[in-house]
Amino acid sequence: MIRPSLILEKRPSPSRFWATTTPVLAVIATMIAGGIMFWALGKDPIESIRTIFWDPLFHETFGPYSRPQLLVKAAPLILIAIGLSLGFRAGVWNIGAEGQYIMGAICGAAVGLAFYPTENILIFPAMILAGAFGGWAWAMIPGLLKTRFGTNEILVSLMLVYVAEAALASVSQGLLQNPDGMGFPGSRNFRDFPAAYNTELITGTGMHWGVVFAFIAVIFAYVLLTRHMLGFHVRLTGQAPRAARFAGVNPTRLVLFCLGISGALAGMAGMFEVSGPAGQVTIDFNSGYGFTAIIVAFLGRLHPIGILLAGLLMALTYIGGELAQLMLGLPAAAIQMFQGMLMFFLLAMDMLTNYRIRFTLKNA
Amino acid sequence: MRALKSLLTGVALVAGLAGAAQADDKTKVGFIFVGPVGDGGWTYEHNQGRLAVEEAFGDKVETIYQESVPEGADAERAITQMALAGADLIFTTSFGYMDATLAVAEKFPAVKFEHATGYKTSDNVSNYSARFYEGRAVQGHIAGKMTKTNTVGYIASFPIPEVIRGINAAYIHAKKVNPDVQFKIIWAYTWFDPTKEADAAKALIEQGADVILQHTDSTAPQAAAKEAGNVITFGQASDMAEYGPSPRVSSIIDNWGPYYVARTQAVMDGSWASVSTWDGIGAGMVGIGEISDAVPADVKAEAEALRDSLSDGSYHAFTGPLNKQDGSVWLAEGETADDGTLAGMNFYVEGIEAEIPSN
C-alpha cells in the first residue's frame, strides 16, 4: 500500500528565498486569521482589515494625519531595534532597552530643564548627548557585571527596567517636577520651551530629530555590518563564538560595545520622545517601546533594512488598530490579539527558512 | 492662472458641500479611556457615563471611544484621530491627558473638549472633577466608629492635592467621633496595580489596622481584607458590591452619567461654554454606596445624616476650627475652606502623624 507522508527536512543552510518571503506570508496569514476573529466578534472582516492596513495610509480624512504619525510611532522602535539587533547577532541579549529608554529620557530632559528658560542653540544637542549617555550608562551596568563577574545580562538588564521605572516615578514628583504644576506629578512641558523642544522639522511630515536619527542609525548599522571589521566580528561571534576567538575577537570589548550601542540608541530614543511627542516627563511616560522593539528587531530579521520595514509595519498596526477601535468599535484587546497573531505566524513560518517540506509517497 | 483659481474654488466648494452633506444631525461624542472598560473601577464608571449618554439621547447621538490609551506620546494622536473622526465633543478621562487635550483643542477650535481631574482650561476645553472628599468624610466617620484597634490604614496613590484632600477629610471625621484614632498611610505610587495594592493592604493589617481606606482602583485590598478577617474596607470609584456586606461596608461611586448627559445636551443646544466643574454628593457626581448591615444601625444612620448634610450644603467637609499639621491655624471656628486652597492642598491637618513624601 502506498501512503502519502509529509517530511520536514533540515536545509543545509537557511533559505534566502524563504527568509524574505515568510514575513509577507505571515502578514497574509495574520489577515486571514485576524479576519476570522473580527468576523467572530460580529464585525465585517474585510472592512476591519482594510481599516487597519489601508486607512492609516489612504483614508481621505485620516491619511494626511496618520502618514506622518507612522514615522513618529516607528522612529523610536527602529532606533532601539537597530541597537538591539547588533547585540542579538553577537549573542548578547539586552532585554532591558525599556530601562535604558527611560534613563535616556530622564537624563536628556534633566539637561534641558536645567537650562529653562534659556534660549540657546546648543541646548538641544546637549540633550541628545545626555540622552545617549543615560542609556549607555544604564546598559553598562549589565555590561560590566557580565564581563567582570559573568552575570547573565538578560536578567540584569530586565530587572534594571523596574529600577528605572522607580527612578522615573521619583523624578516626576521630585527633581524634575514642574514648579508651576500645582503639586501634580510631571515635569514642565517641552512645548513651552522652544530651545529644548524636539519640533517637527518640516511641517506636516512628522519628521522630527528622532526620525532623522533613526534613518541615520539604519544606514550606520548597514555599513557597519557589511563593510566594517567590527560588523564582521559581531556576525562571527554570533555564528561561531570559538572561531571568533581564534580570529582575535575580544569578547569583553564586543559585549561592552553591543550593550553600549544599544543602550545609547535606546537612550536617545527616550530623549527624542520625551522632548517631542510625549512633551514631558511623567510617571508613566514609557509605554513599552523598549519591549516592542525586541519584536521589531526579530520581525526585521536583525537586518537594518528589515528593521526599518518592520518598524513601519508595527506602527501601521498600532495606528490602524486605533482607527479600528474608533471607527468600528473593536475592543483594544482584539487589536493586541491581532498583533500577537502577527508575531506567532512570523515565528511559525520561520520553519520554512530552515526546513524543507517534502511530500513523498511511501510504501507501507 | 485665473481659470485654475476658479477651478480650485469650485473643487473646494464641492468638497465643502460634500462635507456638509455627510455631517448628519447626529451629535458625535468621543471618550478617551486610560484603562480597559472592564477594569471594574475608574474607566468602568466613565464608560457607564458614556452608556448613559447613549440611553438619554438614543439615535440622536453616536458615541465612540478608545480604551487603554497610554498617557504619554500616544494620547495626543488618539485625541486628534477622534477629532478627525468627526467628534463634536470629546471627554478625556484621565489627568495625564491634560496637555495633550489642550494641544489638540487648539488645532480643532470647533470641537468641544472636556478634561477630567486637571486644572487647565481654554476656550474649547472645560475641566471637571468630583468632590470625592465629601465621600471620604462619610468613610472617615464610619471608620472612626468601627475601628477597635483605633488604627485606620490608608492606601494612598500619589502625593497630589486630590489624594491629600481625601486623607484629611477622612481623618477629620474619624477623629471627630474617635479622638484616639490613628492613621497609617502607605503610598503605592499607582492608581491600579492589584499586586502592590494587596501588599500595601497586608502591611497595614500587620500594623494593626482593622479599617482600610484606599485611593487606588482595584479590588485587591478588599480581597486581602477578606482573607485577614475582621477588617473592613470601602469600595473605590466603583461600588465593589461583590465584597459586601463585609469587608466592603460602603463605597464611593463616581457617577459621571448626569454630567456627560448635560454637557452633550449643551453641545446640541449650542449653549456649551468652557467651565470648571467640581460637583459633589449634592449634584449626584459622588455617590455613597449602600452601607451594609455589618455597620450597626446607629452608625449607619449617623453616616447617612452626614451624607445628607453634605448633599444639601448645610455642612462643609472642611469646617473650622481646623489647624494644619504644624499647629498653625487654618480655619477659624465656623469658617469653611475655599476651593482654591482645596484644589492645591499640600498639607496635612493637625493630628496626622505622617509626612507627605517630600517633593
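**A tour of chains A and B**

Select α1(A) and helix α14 (residues 332–354) of chain A: their axes come within 8 Å and cross at roughly 145°. Axes here are lines fitted to C-alpha atoms, for helices over the stretch in contact, with angles from 0 to 180 degrees between N-to-C directions. Helices (H or I, at least four residues) and strands (E, at least two) are DSSP runs, numbered from the N terminus.

This is a predicted model, in which local features need pLDDT of at least 70, side-chain atom pairs count only at pLDDT 80 or more, and totals for chains, interfaces and linings use all residues. Residues are numbered from 1 along each chain as its sequence is written, while chains are lettered from A and ligands numbered from 1 in the order in which they are written.

Next, display the side chains between these helices. Residues of α1(A), including Trp18(A) and Met37(A), meet residues of α14(A), among them Phe338(A) and Phe345(A); contact requires C-beta atoms, placed from the backbone, within 7 Å.

Move to helix α2 (residues 45–53) of chain A, where the buried residues are Ser48(A), Thr51(A) and Ile52(A). Buried denotes 20 or more other C-beta atoms within 10 Å of the residue's own, placed from the backbone. Seen down the axis of α2(A), these residues fall within an arc of 95°, so they line one face of the helix; the arc is that of the directions from the helix axis to the C-beta atoms. They pack against α1 (16–40), α3 (55–58) and α13 (304–328) of chain A.

Finally, in chain B, select strands β3 (residues 89–92) and β4 (residues 112–116), which pair in the parallel sense over 4 bridges; pairing requires at least two DSSP bridges. Ile90(B) stands opposite Phe113(B) in β4(B).

Definitions and conventions:
A residue is buried if 20 or more other C-beta atoms lie within 10 Å of its own, exposed if 12 or fewer, and partly exposed in between; C-beta atoms are placed from the backbone. Two residues are in contact if their C-beta atoms, placed from the backbone, lie within 7 Å.
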